[in-house]
Amino acid sequence: MLKGRHIVVLGAGIGGLAAARALALRGARVTVLEQAEAIREVGAGLQISPNGSAVLRGLGLESAVAARAQRAEAVVLRDYRAGRAVLRMRLDRAAGAYLLLHRAALIDILAAGAREAGAEIVLGLRAEAITLDPPCLHFADGTTLRPGLLVGADGLHSLTRQALNAAAAPFFTGQVAWRATVPLDAPEPPVLQVHMGPGRHLVRYPIGDGKRLNLVAVEERGAWAEEGWAHRDDPANLRAAFATFSPGIRADLDRVEDVHLWGLFRHPVAPRWHAGGAAILGDAAHPTLPFLAQGANLALEDAWALAAALDARAGADAALTAYQQARQARVRRAVDAASRNARNYHLRGAVTRRAAHLALGLAGRLAPGAVVSRFDWLYRFDATAQRF
């Protein structure tokens with residue numbers, strides 16, 4: 001159904017580039033518009049869980065990604081003060097690869113894959129407004145573009161979402177996050193570590209070739225911080241927030257020279273994902289908090305589902321309705337699960353925290369696979385097996 005159809009994808013992030021390849025492989029003429037002058041990413045790590053790996057496999061890119069990633073062996077939850085292991089959850093038994101890599105590496109691979117499939121990527125072109133039915137992009141110089149179909153992969157502050165839905169203000173969760181990478185003196189096992197403390201936690205894991213360590217640190221606070229990933233902060237603020245953590249964590253933070261801070265906001269899942277010849281995916285449709293590391297994975301799933309639905313149904317409206325119906329309940333569940341996860345990491349009160357950690361440790365010893373299996377609904381899902 002897609003052969004020869006012209007589709008414009010707004011945004012060259014993970015979801016947009018994956019959608020471009022998925023659509024182009026099915027015969028569509030795809031143009032990706034990116035407002036930045038170059039495709040680049042602020043340095044950060046990324047987790048691709050088995051549900052994301054399934055999409056990369058369907059796109060023919062899993063081997064290329066795996067070659068630039070670490071395959072995670074386990075998640076280890078640790079107490080913040082001494083670094084004592086509370087629970088170890090094996091990931092090598094998961095349904096597919098759980099990969100740790102640099103976000104920029106994935107973007108590079110997806111961009112090359114989109115171009116190889118025939119998609120055109122146009123850089124430095126910023127839309128100022130979007131109108132629908134038919135879709136039309138309006139640019140600052142007064143020019144316009146009217147695609148046959150518009151796919152809004154334009155992120156948190158999506159113009160496409162605004163065109164489709166009434167304004168819905170996000171709310172500050174009372175949490176901020178720092179992210180940074182530091183060099184590793186020696187390779188570490190590919191293990192995700194979560195150091196849990198009162199009102200805060202820190203995640204650390206090696207990425208790419210194992211020569212760098214990715215750090216994501218979350219703190220509860222009343223002071224608001226701006227939303228978005230690219231706001232720089234003083235590393236001293238990060239070190240002060242985690243000064244009571246273990247010597248190993250403090251040593252990691254002492255090596256941070258460049259750090260970014262962003263406020264964590266809860267956005268509602270968009271009630272309407274398509275209308276008037278446009279559709280949205282990824283953060284434009286359902287921004288999620290980072291506590292299950294599913295933002296990139298859900299965007300990959302969306303990209304595949306959108307292309308599959310458009311290729312299976314003769315009418316765009318019917319195809320896009322099927323796409324939203326297939327995706328909306330799942331992403332709501334994932335967004336809600338991510339929101340709950342932060343509370344589990346941030347328990348206050350020594351007695352409460354100790355009791356919870358003892359219960360986790362006991363569960364891990366008695367039924368080592370049970371904790372991970374709670375997320376089978378998330379990790380074992382294969383978007384490429386859905387039929388439209």
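User: Buried means under 20% relative accessible area, exposed over 50% and partly exposed in between, with a 1.4 Å probe and protein chains only. What share of the 388 residues of the chain counts as buried?

Analyst: This is a predicted model, where local features need pLDDT of at least 70 and side-chain atom pairs count only at pLDDT 80 or more, while totals for chains, interfaces and linings use all residues. Residues are numbered from 1 along each chain as its sequence is written, and side-chain values use heavy atoms, leaving out hydrogens and water. For the 388 residues of the chain, the buried share is 55%.

User: Thanks! How many helices and strands does the chain have?

Analyst: Here helices (H or I, at least four residues) and strands (E, at least two) are DSSP runs, numbered from the N terminus. Counted that way, the chain has twelve helices and 20 strands.

User: Which residues touch the most other members of the largest nonpolar core?

Analyst: A nonpolar core is a set of buried Ala, Val, Leu, Ile, Met, Phe, Trp, Tyr and Cys residues joined through side-chain atoms within 4.5 Å. The largest one has 92 residues. Its members with the most such neighbours are Leu23, Val30, Ile48, Leu77 and Leu106.

User: What does the C-alpha trace span along its principal axes?

Analyst: Take the C-alpha trace of the chain along its principal axes. The span is about 60 × 40 × 35 Å.
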